[in-house]
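Biologist: Can you walk me through this fold? I'd like to start with the backbone.

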Amino acid sequence: MPLPSFNALTLAHSFLSSHVKPGDLCIDATAGRGRDTVFLCRLVGDSGRVLAYDIQKDAVHETAALLEKEHLSHIGQVFQKSHDRMTEDAELETVRAIVFNFGWLPGGDHNIFTRAQTSIRAIEQGLKLLAPDGVMSLSIYYGKENGTSERDALLSYLSSIDPKIATVLVGNFVNRKNNPAIPVFILKGV
């Protein structure tokens, strides 16, 4: 029997599953292909809500189509705008969980990728949107066209978050090659 994969995605989904419950409001800050949006919709159920963001038209269309195919479009709503504008659509301290996948759209144009300036602003906004015991899951993909500058800026910013506001845990797959994603977990108020 094959072992289950152990990567940033499986760690993020396990973390989110232990914190999100039916009826919650969640945000997929980087919708991409819509897989995390669908995952969150299933966690929050019919009584919950998921807001998803992406700047790329293809990502928004794919996410919306996947929500429709999975019969979850009544739960998830997709916006074509930057994740640093999510405070326009949610009230402060009402969000249970926020998911980020920094880097580029899988299978998409690698010349389009997240940027440190807007990513850090989005995390700052996310901390304000999170409920007092809310969580954030970040997967930092790096090494292609976006190099390491966003990774370095994000890690520097994350280490500066006041521990009275949130606890930040950064993981590292030390024995994997080819720039494996860096999983980050933030717990507000812990």
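**Backbone and sheet**

Modeller: Glutamate 93 lies in the loop between β3 and β4. Keep in mind that this is a predicted model.

Biologist: What is the phi of glutamate 93?

Modeller: Glutamate 93 has a positive phi of about 60°, although it is not a glycine. Most residues other than glycine have a negative phi.

Biologist: Is glutamate 93 buried, partly exposed or exposed?

Modeller: Glutamate 93 has 48% relative accessibility, so it counts as partly exposed. The exposed class begins over 50%.

Biologist: And histidine 71, where is that?

Modeller: Histidine 71 sits in the loop between α3 (57–69) and β3. Its phi is positive too, about 60°, and histidine 71 is not a glycine.

Biologist: Buried or exposed, for histidine 71?

Modeller: Histidine 71 is exposed, at a relative accessible area of 65%.

Biologist: Switching to the sheet. What is the strand order?

Modeller: The order is β3-β2-β1-β4-β5-β7-β6. These 7 strands form an open sheet with mixed pairing.

Biologist: Which strands stand at the edges?

Modeller: β3 (76–80) and β6 (166–170) do. Each has a single partner strand, so one side of each is left without a neighbour in the sheet.

Biologist: What does the twist average?

Modeller: The twist averages 15° from one strand to the next.

Biologist: In which sense do β4 and β5 pair?

Modeller: Strand β4 (residues 95–102) and strand β5 (residues 130–140) pair in the parallel sense, over 7 bridges.

Biologist: Which residue in β5 stands opposite valine 95?

Modeller: Leucine 130 stands opposite valine 95.

Notes. Residues numbered from 1 in each chain as written. Predicted model: local features only at pLDDT ≥ 70, side-chain atom pairs only at ≥ 80, totals over all residues. Heavy atoms only, no water. Pairing = 2+ DSSP bridges. Helix = DSSP H or I, 4+ residues; strand = E, 2+ residues; numbered from the N terminus. Axes fitted to C-alpha atoms, helices over the stretch in contact; angles between N-to-C directions. Buried < 20%, exposed > 50% of the residue type's maximum accessible area, 1.4 Å probe, protein only.
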